[in-house]
Amino acid sequence: MLAACHAKPDEAKGGGGKGDKKNSGPALVDVLVARPSSVSDSVEANGTVVANDFVELHPEVSGRIISLNVQEGRRVSKGTIIARINDADLRAQLQKTNAVLRVAQLSVNRLEKLLKVQGVNQADYDLAVSQVQSGQADAAYTQALIAKTVVRAPFTGVLGLRQVSPGAYVTPATIIATLQADNKLKVDFTLPEAYNALVQPGAKVTVNFGGNPPRRYSATVQALESQINQTTRNLTVRALLPAGAQVSPGAFARVQVPTGAARQRVVVPTNAIMPGDKSDQVVLVKHGKAQMQNVKTGDRQNDKIAIVSGLATGDSVVTNGVLFTQPGKPVKVRGVK
């Protein structure tokens, strides 16, 4: 108790003495002097890359796989045989049908000669002809079933991963592999119905992809969904990517649709923005101290973002060292842009 009473005032308050002096120094920051520049307004939407053609390869009949030619990740031409199903029973049936058909045809030939000399009535001849036609139909049907035992590539494209093994019993519900055409890639995205006029066929949009390095392509609007989604009131748009675009189907994309209007905006690095619940904020340097400022943000392009309102020409916006600033606390400007 006595020791506490005789303690120094700074220690009694919990002050750290030297420690407080270190923490009370001004934060070092870099600032950007706000200057408006011409910025083209655009609407940003999320999109997904889709292949021009995509199909799951299924057998049309049930049976055991006797041949499988799925070269995973390889390009195959249209008509390439992907798999064969056991068709021994169908070929035996076809041989039987052809044998019966030959006998029926010989019978028709004999009856035709007799009919010319009135050695047989017309009804017997017509019955024989009917039997030949029935046999031909049976043979054609069996040949169609045999053709269904061969799975072919319906178009030129790249095969996906193999889903079955040779010798497996498959049904029409079994997926053998996937095939997608990568010669033409498209991106599907949605926009509110109010922007319908901006995405008419032939319009240009910019498609951005992440990664290292990030990629950007100019795409052409190909078509619009004929009906607006009644739940979201959004319109689905499909744009065609240029040939040679280095992306894979299913990739996420950010699509920028230009509005055609250019306005004066202050552009700042994205790391200068502090997201908030009600409003985004930036840190300004005024009279050597940090000051929080609410702003309204606009279009974002890579690592920069346009400020719609909240900044005035000449404001000093903190771009580096934002996390070390506190409202009303002194700051020291290290660099100015």
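Author: Happy to. Let's start with α5: at 1.5 Å a residue, its 27 residues should span 39 Å, and its end C-alpha atoms are 39 Å apart, which agrees. The expected span is 1.5 Å times one less than the number of residues. Helices here are DSSP runs of H or I with at least four residues, strands are runs of E with at least two, and both are numbered from the N terminus.

Reader: Before I go on, what kind of model is this, and what are the ground rules?

Author: This is a predicted model, where local features need pLDDT of at least 70, side-chain atom pairs count only at pLDDT 80 or more, and totals for chains, interfaces and linings use all residues. Residues are numbered from 1 along each chain as its sequence is written, and side-chain values use heavy atoms, with hydrogens and water left out.

Reader: Good. Which residues of α5 are buried?

Author: They are Y125, A128, V132, G135, A139, T142, L145 and I146. Buried means under 20% relative accessible area, exposed means over 50%, and partly exposed is in between, with a 1.4 Å probe and protein chains only.

Reader: And what covers the buried residues of α5?

Author: The cover includes α4 and β6, the latter at residues 150-152. It is counted by contact, meaning heavy atoms within 4.5 Å.

Reader: Let's look at α4 then. Why does its end-to-end distance agree with its length?

Author: Helix α4 covers residues 88-116, so at 1.5 Å a residue its 29 residues should span 42 Å; the end C-alpha atoms are 43 Å apart, which agrees. Its buried residues are L90, L94, T97, L101, A104, V108 and L111, and α5 (122-148) is included in what covers them. Just after α4, Q118 takes a positive phi of about 60 degrees.

Reader: At what angle do α4 and α5 pack?

Author: They pack at about 160 degrees, with their axes 8 Å apart. That makes α4 roughly antiparallel to α5. The axes are lines fitted to C-alpha atoms, for helices over the stretch in contact, and angles run from 0 to 180 degrees between N-to-C directions. Under 35 degrees counts as roughly parallel, over 145 as roughly antiparallel, 65 to 115 as roughly perpendicular and the rest as oblique.

Reader: Is the crossing of α4 and α5 left-handed or right-handed?

Author: It is left-handed, meaning that the near helix is turned anticlockwise from the far one by less than a right angle; clockwise would be right-handed.

Reader: Can you pick one residue from that packing?

Author: Take T97, which lies in helix α4. T97 is buried, with a relative accessible area of 9%. Leaving aside neighbours within four places in sequence, T97 is in contact with G135, D138 and A139.

Reader: Changing topic: what does the secondary structure of the whole chain come to?

Author: It comes to 5 helices and 18 strands. Buried residues make up 32% of the 337 residues in the chain. Of the contacts with a separation of 6 or more, 74% are between residues 24 or more positions apart.

Reader: Now the strands. Where is A253, and what does A253 touch?

Author: A253 is in strand β13, residues 252-269, and is buried, with a relative accessible area of 0%. Not counting residues up to four places away in sequence, A253 touches A45, N46, G47, V187, V207, N208 and F209. The C-alpha atoms of A253 and G47 are 4.9 Å apart, although 206 residues separate them along the chain.

Reader: N208 is in that list. Is N208 buried or exposed?

Author: N208 is buried, with a relative accessible area of 14%, and lies in strand β10, residues 204-209. Besides A253, N208 touches R215, R216, R254 and Q256, again not counting residues up to four places away.

Reader: Last one: where is H287, with its positive phi?

Author: H287 is in the loop between β14 (280-286) and β15 (289-301). Its phi is about 55 degrees although H287 is not a glycine, and at 84% relative accessibility H287 counts as exposed. R233 also has a positive phi, near 60 degrees; R233 lies in the loop between β11 (215-224) and β12 (234-240) and, at 47% relative accessibility, counts as partly exposed.
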